[in-house]
Amino acid sequence: MSLLLQVTANGILLGGLYALMALGLGLVWGVLNIVNLAHGAFIMLGAYAAFYLYTLLQIDPFVALPVCMLALFCLGFLLQRYVLNLIVRAPMFNTLLITFGFDVVLTYLAQIAFSADFRAVNPVYAGANFAVAGVTLPLVRVLAFGAALLLTTALWLLLARTRLGRAIRACAQNLLAARLYGVQPRTIYALTFGLGAALAGAAGDLYGVVSQFNPYIGNSLTAKSFAICVIGGLDSPVGVIIGGLFLGLLESLTALYVGPTYTDVASFGVLVLILIVRPTGLLGRTA
Amino acid sequence: MLLRHIATASTLLIMGASVAGPALGEPSITLGASVQETGPTANTGRYYRDGYEFAVQRINERGGVRVGTTPYKLALKIYDNQSEVNLSVRQYTQLLTQDKVDLLLGPFASDFALADSSVAEKYEVPMIEGGGASDQIFSRGYRYIFGTLPVASRYFESTVQALGKLDPVPKTVSLLFADDAFDVAVAKGTRERLQAAGLTILQDERYSSNTTDFTSLISQLKASAPDVVLVAGHETEALNFIRQAKSLAFSPKFYAFTVGVPTADFRRALGNDANYAFGMTSWLPSPQWKDDYFTNAEVFAADYRKKYGYDPDYHAASAVADVEAFAKAIEAAGSVDPKKVRDAIAQVDFESLYGRIQFNPAGQINLPQTVIQVDGGNVVPIYGQKGFLAKPHYPMPAWDKRP
């Protein structure tokens with residue numbers, strides 16, 4: 001019984017980590033209708049930023065979180081403003097192609113700059129854990145879960161309550177009307193993409209503490225985030241949390257009851273099932 | 001139109017070829033290889049590229065290879081397979097059909113060697129590879145593939161022997177293995193050895209290659225509490241396993257990993273968490289292994305470090321052994337004809353910085369593994385063919401009780 005509890009706890013914490021990773025992708029996809037295939041590369045860069053801040057300047061990864069977010073925000077803003085903007089009203093395929101190109105370029109630049117060596121951010125508390133009711137909870141994963149909830153709430157508040165958030169949603173809903181109201185789409189798009197990149201940077205920062213990384217982790221992380229966004233639905237940031245938790249629990253329980261080789265089968269199998277049965281995602285509204 | 005040109009040009013650039021060797025006009029023998037220079041396994045692939053390059057350069061400096069009375073220089077043509085098996089197969093085919101190289105050197109990893117050796121067999125050009133240990137590679141009756149990594153199914157042999165001699169003797173063991181050619185072969189052989197040694201196998205779990213999350217598995221291990229955990233996987237998996245074991249407070253009396261422990265950046269990434277972990281290596285930079293080109297293994301390690309800026313491990317030594325085996329075989333055959341060289345490789349028997357190079361009838365080398373343990377960030381040889389070389393730190397203390 002306590003094994004089931006432990007595995008469930010593992011699943012929930014894993015889900016929190018997944019949700020954090022998928023948040024940026026979900027925002028950009030839901031609002032800008034851009035599937036950012038370079039999302040994983042942004043996470044990877046966030047991890048490297050945290051790594052170098054930690055090893056060169058001894059800045060704790062949680063303290064470095066705003067710095068990583070800012071750095072990735074700038075990168076995302078510039079990429080959107082000067083490159084992606086050129087094809088923002090083009091068919092979806094073009095955005096997939098360009099973001100794929102970003103992914104390849106960023107990955108190989110990282111390989112050249114950082115080498116293919118495995119890295120990990122290893123602060124003193126990296127392996128710390130505490131026990132609650134017989135269940136061992138790794139400290140960093142709990143903190144990452146907390147960060148995911150915090151960032152999701154902040155994002156939701158931004159979109160629902162602030163002027164900027166309203167402008168972002170307006171651009172997504174009806175571009176012409178938004179422009180008539182004085183919203184500058186170019187700036188809004190760039191800000192949104194930058195925000196998505198900043199969220200990826202935060203995820204990368206924490207990913208580096210929880211797991212090891214190298215320039216090539218991007219692809220599998222993008223695939224996972226993609227699956228989570230589809231499963232959870234794109235209408236609200238809460239959908240990403242639900243999708244992440246669902247996937248985390250599914251993978252952990254599959255590993256326990258079916259076998260560790262079947263986790264990928266289970267997660268992508270569920271993805272296909274959701275696409276057939278409820279294409280807008282668990283939390284999505286039907287059109 | 002322009003985009004198409006750009007696409008073609010960039011594809012060729014990405015495929016990338018690096019050539020090392022003699023000036024035009026000198027008689028030369030070209031060795032071709034497709035190695036992981038980029039992609040997820042580039043971290044280990046570079047040992048092969050650098051090892052091949054270093055060996056070719058050193059052999060040329062010492063006069064090259066004598067075919068009859070004529071000295072030939074060695075040349076190297078390397079393609080980057082971007083860690084993709086299908087691309088490496090195409091590149092080996094290209095090396096043979098278009099670039100017309102004379103002989104082949106292998107890639108890293110059993111999955112690659114398994115596929116690429118079929119190309120060598122088809123074109124009847126010998127390939128010596130130092131990166132694939134799986135028994136599958138050598139059990140197909142192929143005549144043109146030779147390997148300098150010890151047999152996968154025997155990887156844990158020394159470890160299991162050492163387990164029987166520890167005090168207190170461990171009774172239960174859990175075996176985890178990834179689902180690629182190498183690790184499946186390791187698990188098959190290890191299972192039999194564990195049963196023969198009288199240990200009870202509590203878990204025998206196969207997991208997906210490149211798994212990043214072991215928390216479920218580790219929780220199961222914690223619940224069943226084995227004395228020993230053996231993990232057959234690659235470097236990323238071993239890294240993740242150890243970090244997650246720490247975060248879940250799981251600490252068996254003994255754990256050993258097939259890959260990672262001897263490699264410097266593995267230990268650097270883990271820091272102190274790497275301590276107490278056991279692993280194995282078929283090579284140590286010891287002066288006892290003398291070499292015709294590099295003086296001995298210790299001098300080789302120092303020279304390699306000076307030239308490339310990082311410490312070599314058994315991957316690099318294995319790569320150098322491949323090139324040396326070709327040199328010796330060509331000289332013994334007195335010819336560069338692939339069939340004659342192939343027969344000479346099968347008969348080769350010499351001492352090198354990597355140990356005694358001699359291939360069994362299936363084409364695989366016969367080298368024992370030395371059990372090693374990490375202590376204070378250093379690799380300490382613990383158990384070899386003749387028994388214990390040093391006292392192991394056993395049993396492993398709980399994470400919160402480590403000094």
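Which residue in S4(B) does B:Arg66 stand opposite? Hold that thought until point 3.

1. First, some housekeeping. This is a predicted model, where local features need pLDDT of at least 70, side-chain atom pairs count only at pLDDT 80 or more, and totals for chains, interfaces and linings use all residues. Residues are numbered from 1 along each chain as its sequence is written, while chains are lettered from A and ligands numbered from 1 in the order in which they are written.

2. How confident is the predictor about chain A? The average pLDDT (the predictor's confidence in each residue, from 0 to 100) is 90 for chain A, and 99% of the residues score at least 70. Helices here are DSSP runs of H or I with at least four residues, strands are runs of E with at least two, and both are numbered from the N terminus. Keep in mind that where pLDDT is low, the predicted coordinates should not be read in detail.

3. Now the strands of chain B. Two strands pair if DSSP finds at least two bridges between them. Strand S3 (residues 65-67) of chain B runs antiparallel to S4(B), with three bridges, and here is the opening answer: B:Arg66 stands opposite B:Pro71. The hairpin of S3(B) and S4(B) has two residues between the strands, and B:Gly68 takes a positive phi near 70° there. Strand S2 (residues 28-35) of chain B runs parallel to strand S4 (residues 70-80) of chain B, joined by eight bridges; B:Ile29 has B:Leu74 as its bridge partner in S4(B).

4. Next, two helices of chain B. Helix H12 (residues 314-333) and helix H13 (residues 338-347) of chain B pack at about 115°, with axes 8 Å apart (axes are lines fitted to C-alpha atoms over the stretch in contact, and angles run from 0 to 180 degrees between N-to-C directions). H12(B) and H13(B) are therefore roughly perpendicular to each other (65 to 115 degrees counts as that; under 35 is roughly parallel, over 145 roughly antiparallel, and the rest oblique).

5. Finally, where the chains touch. The contact takes 30 residues from chain A and 33 residues from chain B, counting two residues as in contact if their C-beta atoms, placed from the backbone, lie within 7 Å. On the side of chain B that touches chain A, H9(B) gives the largest share, seven residues.
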